[in-house]
Amino acid sequence: MSCLFCEIIAGRVPSRKVYEDDQVIAILDIYPATIGHILVLSKKHYPSFVEIDEDLAGHLGLVSKRLAFIQISNLKADGVTMLVQEGIVAGQRAPHFVLHLIPRKADDRLAMTTQGKDISRDELEQGLTEIQKGAKDSAAEDKEPSSTNDTLAEQEKDDDHKNEENEEEEHEDNENEEQDDNNILDVIGELI
Ligand SMILES: [Zn+2]
């Protein structure tokens, strides 16, 4: 089955492009929640957020931050909602990573809330423990030198998938940062 976003990236489906570099493309949402609602897409097909390459994740964060700044400075947005829907249960509609940047106004009446329901203290504590354990393991993996055999053995045992991801091709994004600035300046006029 073809992916609509891959078709857009390939130029076979028209879109209103606001930004593009070698790894990322940003277009206007055809069903916008507000004026200037941007979709930031990875050019390479990743089915979801947690599966994207870690270097690309950093680059996506940088591009999104700059576009959000433009929404505030040029569209006079009062704020921006940054939204990633991971999985169908979270509202993900297409199997291609998308980050939404939705300009907000004080009176836009857009219903977006993270207000929680009643959850028992025990359940909250259990969730906290699990997240802290995962975060600690993740931080430890970043700190440990990968040259020691013990460390490598533990990492392989702990997370086979992560090792597979690390073997994937790497992108050279740093040298494009200056170009990013110029591209973003070029698109300012298209947003307003
Ligand atoms: Zn795709």
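Tutor: Two strands are said to pair if DSSP finds at least two bridges between them, where strands (E, at least two residues) and helices (H or I, at least four residues) are DSSP runs numbered from the N terminus. This is a predicted model, in which local features need pLDDT of at least 70 and side-chain atom pairs count only at pLDDT 80 or more, while totals for chains, interfaces and linings use all residues. Residues are numbered from 1 along each chain as its sequence is written.

Student: What makes β2 and β3 a pair?

Tutor: The definition asks for at least two bridges, and 5 bridges join β2 to β3, which run antiparallel; therefore the two strands count as paired. Among the residues involved, Ala-26 has Val-40 in β3 as its bridge partner, and Leu-28 stands opposite Ile-38 in β3.

Student: How do you know that β3 also pairs with β5?

Tutor: β3 and β5 are joined in the antiparallel sense over 4 bridges, and the requirement is at least two, so this is a pair as well. One of its bridges links Leu-41 to Val-98 in β5. The open sheet has 5 strands in the order β1-β2-β3-β5-β4, with antiparallel pairing, and its edge strands, β1 and β4 (79-83), each pair on one side only.

Student: Why is β3 called largely enclosed?

Tutor: A residue is buried if 20 or more other C-beta atoms lie within 10 Å of its own, exposed if 12 or fewer, and partly exposed in between, with C-beta atoms placed from the backbone. In β3, 5 of the 5 residues are buried, so the strand is largely enclosed by the rest of the structure. Ile-38, Val-40 and Ser-42 point one way, Leu-39 and Leu-41 the other way, and all are buried.

Student: How do you know that the span of α2 is close to the expected one?

Tutor: The expected span is 1.5 Å times one less than the number of residues; α2 has 21 residues and reaches 30 Å from its first C-alpha to its last, close to the 30 Å expected.

Student: Why is α3 called hardly covered?

Tutor: Among the 23 residues of α3, the count of buried residues is 0.
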